[in-house]
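Please work through the following exercises with the sequence and the model side by side, and try each task before reading its solution.

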Amino acid sequence: MARPLGTSAQTIRHAPLLLIDLDTAEGVTGRAYLFCYLQAVSAAVARILEAAFEVIADARVAPLDIGTTLARHFRLIGVRGIVAMALAGIDVACWDALAIAAGMPLAAFLGAAPKPIRAYNSNGLGLIEADAAADEAEELLAGGFEAIKMRLGRPTLEADLAAIRAVRKRVPDEIKIMVDFNQALTLAEAKRRCHAIDGEGIYWIEEPIRHDDYAGCAELARELDTPIQIGENFAGPQAMAAAIAARAADYMMPDLERIGGVTGWLKASALAETAGIEISSHLFPEASAHLLAASPTAQWLEYVDWANPILWQPSTAPHKSRTDPEPA
């Protein structure tokens, strides 16, 4: 990675990507990639993919039907964790193949007009010293970004505040700053820290506590003026539905490989529209730009360049903090 990312969970220096090519009898190839977080996970997911492709080798490229078939096949072990990741990758590759066969960008294939999507730069701004964070924040604005995301969860509240204030002082007032605790805090500590930063001009506070503590997240959302953001760890649309029912957050951000690929995202987008909740993406900007274009309550695209080394036409920093979906 061009900028190692230090979070409260761990420091990520390499992005293990698993590439999927779904070849069809008609000569169309649908492509997707999975972010496996740990190198060891890549091999395990690859074995699951091999088993899954044996099951659907003669199937038509129909994502809903394929998803049902594979869910039935993996029922005994359960479609969760790395199994769900693998099946999401197949789903994305299926939709990609269909869009290519139709000669349309995925956004248009889903019934939307490709359009600019607001993007924030999420490359870097890990748990580094305050002055270094301010320097990096300025660098991340290159290319016209109007929003950036910082990671929080340093050993002390004072250190987090120092980093926020250093960045806020260095960047223009109109720049939006999101912060992400990566589930670092207990509920009691989250209340202490989030109330302390509530008046610091932060756009949203992401995952301050355990991602599935919806009651705790809801309590924070009620108490704070700064919006609470969760969702990258939703294990399918059902988890998002439960979070919505609990009023767990002001904003939500499904992750392509955890929400269930394109099919899962479409379900999540419908839930968000019904509840009137704005949704942003997590990672996978190449596909997420299309999905947000087709989402009525789209908010922000998270821009990371982690996949650029394996892309034929890697994305570049979007002008004026926006990125346009491009045909696959």
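**Exercise 1.** In which loop does asparagine 233 lie?

This is a predicted model, in which local features need pLDDT of at least 70 and side-chain atom pairs count only at pLDDT 80 or more, while totals for chains, interfaces and linings use all residues. Residues are numbered from 1 along each chain as its sequence is written, and side-chain values use heavy atoms, with hydrogens and water left out.

Solution. Asparagine 233 is found in the loop between strand E9 (228-230) and helix H9 (237-245), where helices (H or I, at least four residues) and strands (E, at least two) are DSSP runs numbered from the N terminus.

**Exercise 2.** Decide whether asparagine 233 is buried or exposed, and identify its contacts.

Solution. Begin with accessibility: asparagine 233 counts as buried because its relative accessibility is 15%, the class being under 20% relative accessible area, with exposed over 50% and partly exposed in between (1.4 Å probe, protein chains only). Next, leaving aside neighbours within four places in sequence, asparagine 233 is in contact (heavy atoms within 4.5 Å) with Gln183, Glu207, His211 and Arg258.

**Exercise 3.** Describe how strands E3 and E4 are arranged.

Solution. Strand E3 (residues 17-23) runs antiparallel to E4 and is joined to it by 7 bridges; for two strands to pair, DSSP must find at least two bridges between them. Within this pairing, leucine 22 stands opposite glycine 30 in E4. The hairpin has 5 residues between the strands, and there glycine 27 takes a positive phi near 90°. Finally, 6 of the 7 residues of strand E4 (residues 29-35) are buried, so E4 is largely enclosed by the rest of the structure.
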